[in-house]
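Hi,

Here is the structure I promised to pass on. Have a look at it first, and then read on for what turned up.

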Amino acid sequence: MGRIKAIIVKEFLHILRDPRSLTMVFITPLVMIFILGYSVSYDLDRVDAAVIDHSQGRLSRQLVQSIAANGVFVLHGRGASLPLDRAEEMLRAGALRAIVVIPPGFDRRLAAGAAAEVGLVIDGSDVNVANLVQQYSERILLEFNAGLTAARGATGLPLRLDTKMYFNPEARSQFFFIPGLIAVIMLMISALLTSLSISRERESGSLALLFISPLRSGEIIVGKTVPYIIVALLDGAVILLFARFWFGIPLRGSLLVLLAFALLYIVAGLSLGILISTAAPTQRTAMLAALLITMLPSFLLSGFIFPLDSLSPVLRAVSYAIPATYFLRIIRGVVLKGAALRHFWFEGAMLLVLCAGLLAAATRKFGRQRKAAQ
Amino acid sequence: MKLRYLVKKELIEVMRQKELLFLMFVSPVIQIVILGYVVSTDIRHVPVGLVNLSRNQVAERVSERVRRSPLFAVRFESRRSADYLDLLKQGRAKAIIVFRDPLDRKRSAATYPEVQVLMDGIDSNTAMVAAGYFNGIIKGYILDDLARRGRGLPVAGRPLFRFNPQLRSINYMGPGIVGFLLTIITMFLTSASLVREKEQQTMDTLLMSRLNSLEIYLGKALPAVLIGLIDMVIGLLVVILWFGIPFRGSLFFLFLASLVYLAAILSYALLISVLSATTQQSMFFAWFSLILFLLMSGFFTPVANIPQPLRLLADINPLRYLIQIIREIFLKGNGIAHFWKDLLALAGIAASLVSVSLLNFKRFISR
């Protein structure tokens, strides 16, 4: 134990010697959460649309009214009638998201008790937005229909549907993205912190000294990881506090549970960094690899932005190898749902396995290099 | 052309490192393919639980439609009431659909049960989409039921999607990936290039050569432009051939915009390189900027959602304009008439970045 301590103290000195980098490690995540917390959002609260009413009757005007009253649709060219080709051109230029076309016979057909159609031309380029726009318009039409059938004497819609959103009743996407950002940033910081620890010694030539020291390879690897646990944990705590008090992300579960898992998660990230550092020939390659390996997969294959349930089986399998996958579930569960320890035995176990595997791989790689050097 | 030798030296330095070569030319292909599959996955297989407390046949028929739909994956079914909140907390399902018979006698005579959907709202986007899917199922059922009785809803909407009729996500996300990739590779390659010379004390050698500062600057930037363009071609080929995304616009403007963008991003990377003291710092800055560029570019979420004071940051984000232009060219086949403003903004950003970075570079050289 005393021997590991020597390495730990040495690494600590390394960290403290470079206060500029240390401040960067604390400041940048905060700046990132601040900017991205506001900027990354799916919430669609404005849809520019045009209504072309060829019918100009009582019912068609009523429909236009209810579209305008919805609050999401901002209607253009209501007074003067907008020609369709002008509207289509505006759709192409991105000034409009949707065009509602009410055909000439609309009022006449409805008055006669027949069914009528409404055309919806939607900009499909952003699929997500297109889907939401369609849903909004569907809902408006559904209510319009209910009103019509009620007026005709029949009961409203026969099947009553009541949707409740738990944990995030206002459907704010900040609730989704901010805990996710915390998880992703913590992993990247951890991996970055240690990714240089061995490659730096390799470039400055001091690695040979470590090789001939009496310490076992495992001891060196562990000793190089421990000091950064404290740095990364502090970093995580700062980010979490910021999210709690600035963005008002609630903390519904136990902080202790979150910390316990955060510790595991950080160790996984640090071990990944150490492994990369051992394998990479230069600092530059080490950092590049650490960034590419942690950034893209934890952005894309962890459920940070894209739900894992929709992925193909192969990519789902890959997601099981990514530490962020588990911690994302844990942090969202604890912070937003108030989930308890018993909900996460699988995630915890998988994080443990990943930590052990990564540390073992780093130790083996280091041991082999050591043998080759001697 | 003394410049030629410097470019050659830089290229040799890159080519010497096998790992770097891999990161530059092989990983883009892997990344695009994976990225393409991930970002193009539309929301499907939403895990749901079905709880049927109703004795009504309708509940069973609607449940059957949910089971058959590829949009939902039924994780559990039950005929008893349970602690729904705990089920949601466990994360076993994103939504629980509960069918109940109405409580009051008068209504229970009606033919339909009440349906309640309890959703995990954390991923609000998925929740909204899933709610939409379920509404669709209910609506389909009602329409079929009405049709059987010879009736229909008075007004039906007929949606028509322009530019992307099948609403394939990949058509929207795929072209953006090329811009994304271009940024990552060139940024990391260049942001460390000068620092390394500083650290290895080879900068003096470079300074003693008869190259002037502009030539050194270009010598650092041109190899990255070349590599960036090669990566871009690789990216375009993968996107068009592998994912079958239709290309409708002008290749000339696509490359023109990319060149302007490369000028912007490379001078930014060189600025980082001039300003940082160690490789570690430069990489850190590069990483930090990269994430901001990426997440504020409209690639993942719409730029329009960024609130006002921060929108200014997005407005000076060069990647935002590149992605906008690439998407317009790819999806809408738009010409210069539609995106000249974006191209102009991009050129403006590039010009100011180049001059700021060149000024700093000159000051750094003369020291």
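Into which domains is chain A divided? Domain 1 takes in 2-40 + 172-373, and domain 2 covers 47-151. Before going further, bear in mind that this is a predicted model.

The two domains of chain A have their centres 50 Å apart, taken over C-alpha atoms. On the overall shape, the C-alpha atoms of chain A fill a box of roughly 95 × 45 × 40 Å along the principal axes. As for secondary structure, chain A has 15 helices and 5 strands. Its radius of gyration is 29 Å, well over the 21 Å from the globule rule for 374 residues, so chain A is more spread out than a compact globule.

If you take the chain A contacts between residues at least 6 apart in sequence, 80% of them join residues at least 24 apart.

In general, nonpolar side chains tend to be buried together in soluble globular proteins. Here the largest nonpolar core has 222 residues, and the ones with the most contacts inside it are A98(A), I182(A), A95(B) and A264(B). Helix α7 of chain A (residues 173-195) gives the most to this core, with 16 residues.

Cheers

Technical notes. Residues are numbered from 1 along each chain as its sequence is written. Chains are lettered from A and ligands numbered from 1 in the order in which they are written. This is a predicted model: local features need pLDDT of at least 70, side-chain atom pairs count only at pLDDT 80 or more; totals for chains, interfaces and linings use all residues. Helices (H or I, at least four residues) and strands (E, at least two) are DSSP runs, numbered from the N terminus. The radius of gyration is taken over C-alpha atoms; the globule rule is 2.2 Å times the number of residues to the power 0.38. Two residues are in contact if their C-beta atoms, placed from the backbone, lie within 7 Å. Domain bounds come from an automatic or database domain assignment. A nonpolar core is a set of buried Ala, Val, Leu, Ile, Met, Phe, Trp, Tyr and Cys residues joined through C-beta atoms within 7 Å. A residue is buried if 20 or more other C-beta atoms lie within 10 Å of its own, exposed if 12 or fewer, and partly exposed in between; C-beta atoms are placed from the backbone.
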